[in-house]
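Some backbone details follow at the end.

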Amino acid sequence: MKCAEFAGNRRNPEKFVYHCIINSFVNQTQEVCAKNVLIFEGSCAEYSASANKIQGSHHAKCTNFSPPCPDVYNSTQAYKYPGCFTLTNKNQTKTTGENASAELKPIFHVILCLMTIALVVNRFKN
């Protein structure tokens, strides 16, 4: 994902970077292009669609996970704290039958996010 291209006509499009984070309802993971921010108080990083920004979650703390997140970290490093992504599984409504595949979406998104990050990192190494 080329976030600078996605940012288009916005001011300072080069400041828009790739993020793989949870949403503000803590029930889905999302891939977004946004400006990186510092996340405080041991919170999971989340994307708030209503505020159109990345912020620390008021509902999801990650200091007790393994690995725990630090008190302060950059939002682009959210992928290092998979405990935040596992919270999305716990907060989804259980479904059966035709909609059962929805339960696999958070796991798929985490895997997809991690694979995308690995590809981007590998590209910059070469």
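Throughout, a residue is called buried at under 20% relative accessible area, exposed at over 50%, and partly exposed in between, with a 1.4 Å probe and protein chains only. The model is a predicted one, in which local features need pLDDT of at least 70 and side-chain atom pairs count only at pLDDT 80 or more, while totals for chains, interfaces and linings use all residues. Numbering starts from 1 along each chain as its sequence is written, and side-chain values use heavy atoms, with hydrogens and water left out.

**Overall fold**

The protein has three helices and six strands. Helices (H or I, at least four residues) and strands (E, at least two) are DSSP runs, numbered from the N terminus. Along the sequence they give the pattern α-β-β-β-β-β-β-α-α. Of the 126 residues, 33% count as buried.

**Disulfides**

A disulfide is counted where two cysteine sulfur atoms lie within 2.5 Å. The search of the whole structure finds two disulfides. They are set out here.

| Pair | S to S distance | Torsion about the S-S bond |
|---|---|---|
| C44 and C84 | 2.0 Å | about -85° |
| C62 and C69 | 1.8 Å | 95° |

The torsion of about -85° makes the disulfide of C44 and C84 left-handed. This pair links distant parts of the chain, with C44 in strand β4 (residues 43-48) and C84 in helix α2 (residues 83-90), 40 residues apart. Both C44 and C84 are buried.

The link of C62 and C69 is right-handed. C62 counts as buried because its relative accessibility is 0%. C69 is also classed as buried, at 5% relative accessibility.

Strand β1 (residues 16-23) has seven of its eight residues buried, so it is largely enclosed by the rest of the structure. Strands are treated as paired if DSSP finds at least two bridges between them. β1 and β2 run antiparallel and are joined by seven bridges; in this pairing I21 stands opposite Q30 of β2. β1 and β4 run parallel and are joined by two bridges, and N23 has Y47 in β4 as its bridge partner.

What does the nonpolar core contain? Such a core is a set of buried Ala, Val, Leu, Ile, Met, Phe, Trp, Tyr and Cys residues joined through side-chain atoms within 4.5 Å. The largest one has 24 residues, and I21, C44, I54 and Y73 have the most contacts inside it. Two or more residues of this core come from each of β1, β2, β4, β5 and α2. β1 gives the largest share, five residues.

**The second largest pocket**

The search for pockets uses a 1 Å grid over the protein atoms alone; a pocket is an open set of points where a 1.4 Å probe fits, with protein on both sides within 12 Å along at least five of seven lines, and lining residues have an atom within 4 Å of a point. Grid points are joined across faces, edges and corners, and the volume is the space filled by probe spheres set on the points. The second largest pocket has a volume of about 230 Å³.

Its lining has 14 residues, and F16, C33, A34, Y47 and N52 lie nearest the centre. β2 (29-35) and β5 (53-61) each supply at least two lining residues, with the largest share, five residues, coming from β2. By class the lining has nine nonpolar, one polar and four charged residues. Here Ala, Val, Leu, Ile, Met, Phe, Trp, Tyr, Cys and Pro count as nonpolar, Asp, Glu, Lys and Arg as charged, and the others, Gly among them, as polar.

**Loops and backbone details**

Most residues other than glycine have a negative phi, and most peptide bonds are trans. In the hairpin of β1 and β2, which has five residues between the strands, V26 takes a positive phi near 55°. F25 lies in the loop between these strands and is exposed, with a relative accessible area of 67%. The C-alpha atoms of F25 and H59 are separated by 8.2 Å, although the two residues are 34 apart along the chain.

E41, in the loop between β3 (38-39) and β4, has a positive phi near 60°. At 65% relative accessibility, E41 counts as exposed. N52 has a positive phi of about 55° and sits in the loop between β4 and β5. N52 is partly exposed, at 47% relative accessible area.

A cis peptide bond joins S66 and P67, with omega about 0°. P67 is in the loop between β5 and β6 (73-74).
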